[in-house]
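Trainee: I have not looked at this chain before. Could you take me through it step by step?

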Amino acid sequence: MKKNINLRYKTSAILGFAIIFALVVFSCEPYEITYETSSDQLMGEYIESNADCSIFWNLAETTGNASFIKAYGTYTCFVPTNDAFETYFTEQGKSALTDFSEEELENIFKYHIINDTIRTQDFTDGKMRTSSMNGRYITTGASIQGTDAYYTINKKSLVTDADIMLGNGIVHKVNAVLDPPVKTVAELIVENDAYSIFSQALQTTGIYDTLMIADNWYTVFVESDEVYARENVNINSYDDLYNKYCNTGDPTDPADSLYLYMAYHCFKDCSYMADLIQKSATVTMAPNEVVTITDKSDSIIINQTTIAGTTYPGANIKEENSDNICYNGVFHELDDDIYIRVLSPTAVFWDPTRQPEIEALTGIYKDKIETITFASDDLANVSWGEPSRWSTIAYQGDGNCIDGDMLSIYLRTAVVPWIEFKTPVLIKGTYKLWVAYRRYGYGNTIQTSWNGEELTKLFDPSVWGQTYNNIDEDEYYALGYKWYTELNMSSSRVCCVYLGKIEVTSTGEQTLRFEALTNGRGYFWLDQIQFIPVDDDQLWPKFDSEGNKLYEEDLPDYYGGIEALAE
């Protein structure tokens, strides 16, 4: 799923701008992109010449970094004012930069620099698209101070002077020093008294020691003592938690239910809120167990599910206590307890451009205009046949597609005869498979295979889509097609075709393959792949051009609503 929304929960009406959530966890060294900015004055020259930035300039000189911010490049720098540094010194029990070690100063400086040019219009409600130069992420958001609205950095610092465009990047002045994370997920959870029961369970199960490993990434969902004390949970101490779950007498045993309960709250990656909304499920540290993730307009819900007609509401991530930055990951507080349970299949609306190597192309991914070509060994989760030197695929911008991008695949027997994807995590169950594409003028007949089994329905991505002007949606659905975006309803350039029912026999990643049966001069322009449980609504949600979900209740006057959106 592609998601482009306003700074959510509290600021869209105030700041009135749209942003794109992006996941950039990996690097992709073969692609080095240079961007020009709008001034000949360089970042270092600007900082050196501003009296209220003199301490930061002193920090750059002390750490030996003054020369590189005076050289050409593509940087974003958050520059604390002198007042910000004086406050920081007091908070740290110091009086000047000279009271810090060389390592500490280097870490502070590099945490304020990003090797990417990021304007405020690209800020997200969550982590920035590129990590800082010390390898750790910075988060952005918004805050109201009196009658004024500000961009926030790490929920603490306010941007007081934004988007200062310079010859080698962008400066944003801030009113607080960004304190680089030095403590692990385990340490930051345990030192918070609000999580005393959860913390003791981390320690007695030994999972604390795992979360102390600094070289790995972790995400943890945490329950507070207040949540445990609620009537529906009724856990008022660690002993209560132990008595409820520990079934072997040894909570360090990976087969023990208390160990599994705690492992179920952890997974091995670094997922901020912006990352979570791109997933429908994720594998936990409890073997073969997943949590589901549901993105609503005002919250992210963990493990909301319906079983035998009964809906279990799940737990909301508390936005005010989310995205807690740690040295080796992040943790989020939940407003209810979660535990291992049978989960029903959940719809997945998958954007196949969300490959780690593509997302790592900062400044290109989601800019809607660039085209980058890949060979089959460039993408870890995608492979394809290569009978010729032209057997490549491309990440390509296109304004007709969701979020303005797609995969361009020259799917024909002589060029790219087949392409195979590793899917996101899918929960065991039966789904209907839909493929959405941007129509190309020439086509080929394509065979789809699911986990090695061929589906009976063939399709041709040169088939025109139908619009609401010339067909009823129920009739269109009966023909094996549907409208999947607002543009799709009024334009025949994009199309979504039903390919058949598929079985997910075991929860996890699956294999989806497309194979050309003919050799025409046709491209397969792939926009989105949908896996929708058979008993779910197959027509809703749809998506707007930025990847936001649209539900039928959002458009009470069905056709008029679409026309109104276009105006």
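Mentor: We will go from the overall build to single strands, helices and residues. Please keep in mind that this is a predicted model.

Trainee: How many helices and strands are in the chain?

Mentor: The chain holds 16 helices and 34 strands. Its radius of gyration is 25 Å, close to the 24 Å that the globule rule gives for 567 residues, so the chain is as compact as a globular protein of that length. Along the principal axes, the C-alpha atoms fill a box of roughly 75 × 65 × 50 Å.

Trainee: What percentage of the residues count as buried?

Mentor: Of the 567 residues, 56% count as buried. As for contacts between residues at least 6 apart in sequence, 67% of them join residues at least 24 apart.

Trainee: Which residues touch the most other members in the largest nonpolar core?

Mentor: They are Ile 409, Phe 514, Phe 524 and Phe 531, in a core of 100 residues. Helix H11 supplies the largest share of this core, with 6 residues. There is also a second, separate core of 29 residues, which includes Tyr 75, Phe 85, Phe 100 and Leu 166.

Trainee: And what is Phe 524 in contact with, leaving aside its neighbours within four places in sequence?

Mentor: The contacts of Phe 524 beyond those neighbours include Leu 407, Ile 409, Val 435, Tyr 437, Phe 459 and Phe 514.

Trainee: Changing topic: which residues does UniProt list for "domain: FAS1"?

Mentor: The UniProt entry, which is unreviewed, lists residues 40-178 and 182-338 under that name. Over residues 40-178, the chain is 26% helix and 28% strand, and the C-alpha atoms at the two ends are 28 Å apart.

Trainee: What about sheets? In what order do the strands of the open sheet run?

Mentor: The open sheet has 7 strands in the order E4-E3-E9-E8-E7-E6-E5, with mixed pairing. Strands E4 (113-114) and E5 (126-127) stand at the edges with a single partner strand each, so one side of each has no neighbour in the sheet.

Trainee: How many bridges join E5 to E6?

Mentor: There are 2 bridges between E5 and E6, and the two strands run antiparallel. Lys 127 has Thr 139 in E6 as its bridge partner. Strand E6 covers residues 139-145 and contains Ala 142.

Trainee: Ala 142, then: buried or exposed?

Mentor: Ala 142 has a relative accessibility of 10%, under the 20% cut-off, so it counts as buried. Its C-alpha atom is separated by 33 Å from that of Asn 488, which is 346 residues away along the chain.

Trainee: Now a helix, please. Which residues of H7 are buried?

Mentor: In helix H7 (residues 196-205), the buried residues are Ile 197, Phe 198, Ser 199, Ala 201, Leu 202 and Thr 205. They pack against several elements, including helix H6 (185-190), strand E10 (218-223) and helix H11 (257-263). After H7 comes Gly 206, which has a positive phi near 85 degrees.

Trainee: How many residues of strand E13 are buried?

Mentor: For strand E13 (residues 290-295), 6 of the 6 residues are buried, so the strand is largely enclosed by the rest of the structure. Val 290, Thr 292 and Thr 294 point one way, while Val 291, Ile 293 and Asp 295 point the other way.

Trainee: Which strands pair with E13?

Mentor: Strand E12 (residues 281-283) pairs with E13 in the antiparallel sense over 3 bridges, with Val 283 opposite Val 290. In the hairpin of E12 and E13, 6 residues lie between the strands, and Asn 288 takes a positive phi near 65 degrees. Strand E14 (residues 300-302) also pairs with E13 in the antiparallel sense over 3 bridges. In that pair, Asp 295 stands opposite Ile 300.

Trainee: Which side chain makes a polar contact with that of Asn 303?

Mentor: The partner is Tyr 264, and the polar contact is 2.9 Å.

How values were computed:
Residues are numbered from 1 along each chain as its sequence is written. This is a predicted model: local features need pLDDT of at least 70, side-chain atom pairs count only at pLDDT 80 or more; totals for chains, interfaces and linings use all residues. Side-chain values use heavy atoms; hydrogens and water are left out. Buried means under 20% relative accessible area, exposed over 50%, partly exposed in between (1.4 Å probe, protein chains only). Helices (H or I, at least four residues) and strands (E, at least two) are DSSP runs, numbered from the N terminus. Two strands pair if DSSP finds at least two bridges between them. Contact means heavy atoms within 4.5 Å. UniProt positions are given in the numbering used here, feature names are shortened, and annotations may be inferred rather than shown by experiment. A polar contact is a pair of N or O atoms within 3.5 Å; within protein, one must be able to donate a hydrogen and the other to accept it, and residues adjacent in sequence count only if both atoms are side-chain atoms. A nonpolar core is a set of buried Ala, Val, Leu, Ile, Met, Phe, Trp, Tyr and Cys residues joined through side-chain atoms within 4.5 Å. The radius of gyration is taken over C-alpha atoms; the globule rule is 2.2 Å times the number of residues to the power 0.38.
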